[in-house]
Amino acid sequence: MEYEAVIGLEVHVQIKTRSKMFAPVGYRFGEPPNTLTDPVVWALPGVLPVLNRDAIRKTIKVGLMLGCEIPEITKWDRKNYFYPDSPKNYQLSQYDQPLCVGGGVEIELTGANASEMGEHRVVKLTRIHLEEDVGKLTHFANDSLVDYNRAGTPLMEIVSEPDMHSGDEVFAYLNSLKNTISFAGISDCDMEKGQMRCDVNISVRPKGSDELGVKIEMKNMNSPSNARECVEYEIRRQIDCLKRGAPLVQETRRWDANLRVTQTMRTKEDAHDYRYFPDPDLMPVKISREYLESVRAELPEVPFDRQRRYMSEFGLPYSATSVMCHDPEICEYFERAVAAYPKNPKAIANLIVNDLRRELIAARQAGEDPETGASGEFSGAGSADSGRGLGLFDSKVSPEDIAGLAEIIDGGEISKQIGKEVFAEMFATGKPPADIISEKGLRQNSDSSELESFCMEAIKGNQKAVDQFKAGNEKAINALIGPVMKASKGKANPAMVLEIMKKLIK
Amino acid sequence: MEKAKIDIEYVAKLARIELTEDEKATYSRQLGQILGYFERLSKIDVSGVEPSAHARAVYNVMRDDVEEPAMPVSEALMNAPKARDNQISVPKVVDDA
Amino acid sequence: MELYYKTISELEELLDSGEISAVELAKAFIDRKNAVDGKVGAFLSSDEGGLLAAAAESDARRARGQKRGALEGIPVGLKDVLAVRGQKLTCASKILENYVSPYTASSLEKLESRGGLFWGRLNMDEFAMGSSCENSAFKLTRNPWDLSRIPGGSSGGAAAAVAAGECAASLGSDTGGSIRQPASLCGVVGMKPTYGLVSRYGLAAFASSLDQIGPFARCVRDAAILLEAVAGHDPRDSTSVKTDIPDYAANLSLEAFKGKKIGLPKEYFSAGIDPEVRGIVEKAVSDCRALGAEVEEISLPHTDLAIPVYYIIATAEASSNLARYDGVRYTRRSPSTTDVIDMYFKSRAEGFGEEVKRRIILGSYVLSSGYYDAYYLRAQKVRTLIRRDFEDAFGRVDVIMTPTSPTTAFKIGEKTSDPLAMYLSDICTINVNLAGLPGISVPCGFSSEGLPVGLQMIGKAFDEQNLLSFAASYEAARGFDSREPNL
């Protein structure tokens, strides 16, 4: 019998705000324990929560980018359960009136190769709601320690429909969410730092069946590729169980990244009784049409839309756009450069994606210990991550100078080859390309009498090539041009050289 | 509402309160009486009535996203029953869900 | 008259004229407390040195001409449910026995900015759950008028301390009558403001949608002064309302009843009300009529549902509000725990008293899976009906009058074994909390046993000024009552 997996995700994303969801104290990753708290975070007797306006706006922003409906009224509820990392022993969350309903996440599956676009589809969303994060527990031999720095950080929970079927889709989904949300500046979505976390629900059923199988929840995946591997493992495990006739039980399993297996964390004997009820300390929020329009007005372009536009409007190849369009910094840099020189976006894209990124990556690797194992995580369809967060705007090369270089090459003043040399100098010194060219005397040699003497030298030196050319082998002329370029130190204008050479041979 | 009978063990577990057998018996009886008194609620027609979660309906009470200074760790921990390394120490957490 | 029985206005005059200093006044209250509190038991703790130091600062401010406000130098007692930085905050519970608050309640910061001095931590029912003050984990408070009787609750200590002259005025909290009922039983003025008038930030929560802080005082004018000193919008409390706070005391009118309508809800004058109490209250109402008001019988038809609605909503909210007292971060942890789950069960079992456990269990039950709709959601809907009853009534009348408590103070131990009977003693006050309205209890006479009786006046939302004027008009007409508790 053939089986298929049905997969739904609950993704938690920390929202970048100055202060916490319900308290006016900040949160930063990696600070000493319990240094980012206040009486509200500790749930001391008498404290009260107050909603963070900005966290609400940012969640709505994500909702609008993902095509969700934003209901007019939203409210917060208490989810009651005891755990040492939860100071109130209830979490302020949203039960039946979340901020965002419906919507979907466009994903791209990996294509046949890096220059081919993969298949696109939309994974349906159930809802997005806004809640608070809990503190951090660390376990030791004899006790557990609690740090409440993270407690109360705004957290949006993005709940998908059971609408995925493979590890690849899960991987693509997480990458797409990360790209969309980080593009909007709402979170950095760094899974290693816990800024983005996912729980995966998987069930397996005979292909064609309408009924869902036993739902098993996975936790503890700290990267999209981890999640993909975990899902693939779990699908195999569940199908294997079914084939052997072993019963599957509803349970929560943990991904062990070292052993690369999933393990039982707990079985759900009795369902949680969270006793949700509307929080009497918080007032509901009414979202007006005008407010929604104002949020809509500041929405950034969704990455896949931008990618399609770059391909159609600028004629860029898929491979370049797949690098660019998942990184807001590259896009901004590119668009500024194109604004300065709109005639050749392709050349500009090439300079940015290849030359500038290569130098920045090399500089980073030279400057610090290469991060182990972290690269390429989000390199799904296209390879976006290796160039992420490189600080294009912090480099010495401005987008206007990149544009200037492209224009100079297009104008024939220097060759593409010399262009590479000029770029390296721009990167090292920050000087404008025109200055470098004149300082170093790199302008193309278009002095016809000098070029003619170089050509005559070359003809004398290689009679064989001359004969072959005369016999009709057009390519043979390249063997004659090489020495000319060498003699001119690479500055000979290639078009002129070709013309002079042909004239001389005839 | 059925004749109210409270599953005292289940509810005490939800509330994380250990009860003696005597307490269980006493509370069951008393809460049964109280819930019996509450039955008058079930006799009233509330169809079409909006629930009141608050004493009055006010919307959109929010604050601007401004960071204020944090509480010093020493103050945060001054009432802690047990702490080390500037963190709260609790008996080892055994995951029970 | 002894200094400790004078009103705030009288004391301010003495302080302003230099006849007494704030330090002398503080000493008078300290002496009085030391003389009578052994019998009354209103104080859980007190910081005499702290009061004297604060009084000395107050004297210095006054000498410099920098008097802060209408309460400069006046010692105000605090129910032990209000947070003051550096002071204990126990809520009369073992679980918070050693807890010291690192911050001060918003309303108390305001009180300080008006010159008020914090004086003592006053006894209460544990976490404000009770109507007799017998649920304190630490001590019994007795009614100054009859030491064999309860002072009322939950703010029993705050009421008794004012009645016994141990502080000039005090602050309590009222969730279902916890200010008005003890005020009535102790023969002082007690007021619960409109929900949202006084910030709850720094008030340890019992039931968030019902709790309000309010004053106890020797007269209506003092209550007005104290209310003005603590009321006002607070950005740290989302339920606090933006509204202007007038100078209630300065604006008091003693002719408030002229041409106004008093509503008497028939449901509050029927069975369950002690006939003697009813007689005294009816006499008070007719005194108000004599001041120029019309009296009209009205109906608040959902009154008999108030007890179930209140006890469902209040216990549900409380079961969640009190979850934070778990032995982890700042509350007492049971010494004999094996794992974290065991720690919760034991710390909470050892830390909470009987009534608190009963209400947490009841509240957890009404929210639990399968019962939410039948109890909690239904109670919220009936709460809407109760609110509408009052809205309808206030379409016709300007103030509603009822007894504050169905009986005078009962004997210590009389109702402790019957929680339902205890709950029923809140029958006259809880509707006001459910509707979020302001209510005040004004002394209106004594029973044949010499026990005080209170008249409850209920006003329109945020109409504290008129409500205080009604109360002051009645108080003035009734005249000064020279009776004092015999301590």
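In the predicted model, 44 residues of chain B are in contact with 55 residues of chain C. On the chain B side of this contact, the elements that give two or more residues are α1 (8-14), α2 (21-38) and β3 (87-91). The largest share comes from α2(B), which supplies seven residues. By class, the side of chain B that touches chain C consists of 29 nonpolar, five polar and ten charged residues.

Chain B itself contains three helices and three strands. Their order along the sequence is α-α-β-α-β-β. The radius of gyration of chain B is 22 Å, whereas a compact globule of 97 residues would have a value near 13 Å. Along the principal axes, the C-alpha atoms of chain B fill a box of roughly 55 × 45 × 25 Å.

Chain C also touches chain A. This contact takes 35 residues from chain C and 24 residues from chain A. On the chain C side, at least two residues each are supplied by α9 (306-321), α10 (340-351) and α11 (354-367). Helix α9(C) gives the largest share of that side, three residues. The side of chain C that touches chain A divides into 19 nonpolar, nine polar and seven charged residues.

Within chain C, the packing of helix α8 (residues 275-290) against helix α15 (residues 464-478) was examined. The axes of α8(C) and α15(C) come within 10 Å and cross at roughly 100°. Because angles of 65 to 115 degrees count as roughly perpendicular, α8(C) is roughly perpendicular to α15(C). Helix α8(C) contributes C:Ala284, C:Asp287 and C:Cys288 to the contact, and α15(C) contributes C:Tyr474, C:Ala477 and C:Arg478. Four of the residues in the contact of α8(C) with α15(C) are nonpolar and two are charged, with no polar residues.

A helix pair in chain A was treated in the same terms. Two packed helices are described by the angle between their axes and the distance between the axes. The axes of helix α15 (residues 478-487) of chain A and helix α16 (residues 494-505) of chain A come within 10 Å, with a crossing angle of roughly 125°. The helices α15(A) and α16(A) are therefore oblique to each other. Their crossing is right-handed. In the contact, A:Leu480, A:Ile481 and A:Val484 of α15(A) meet A:Val497, A:Leu498 and A:Met501 of α16(A). The contact of α15(A) with α16(A) has six nonpolar residues and neither polar nor charged ones.

Strand pairing in chain A was considered next. Strand β1 (residues 3-14) of chain A runs antiparallel to strand β12 (residues 196-206) of chain A, and eleven bridges join the two. Within this pairing, A:Leu9 has A:Val200 of β12(A) as its bridge partner. Strand β12(A) also pairs with strand β13 (residues 216-221) of chain A, in the antiparallel sense and over four bridges. Here A:Asn201 stands opposite A:Glu217 of β13(A).

Note on methods:
Residues are numbered from 1 along each chain as its sequence is written. Chains are lettered from A and ligands numbered from 1 in the order in which they are written. This is a predicted model: local features need pLDDT of at least 70, side-chain atom pairs count only at pLDDT 80 or more; totals for chains, interfaces and linings use all residues. Two strands pair if DSSP finds at least two bridges between them. Axes are lines fitted to C-alpha atoms, for helices over the stretch in contact, and angles run from 0 to 180 degrees between N-to-C directions. Angles under 35 degrees count as roughly parallel, over 145 as roughly antiparallel, 65 to 115 as roughly perpendicular and the rest as oblique. Two residues are in contact if their C-beta atoms, placed from the backbone, lie within 7 Å. Ala, Val, Leu, Ile, Met, Phe, Trp, Tyr, Cys and Pro count as nonpolar, Asp, Glu, Lys and Arg as charged, and the others, Gly among them, as polar. A crossing is left-handed if the near helix is turned anticlockwise from the far one by less than a right angle, and right-handed if clockwise. The radius of gyration is taken over C-alpha atoms; the globule rule is 2.2 Å times the number of residues to the power 0.38.
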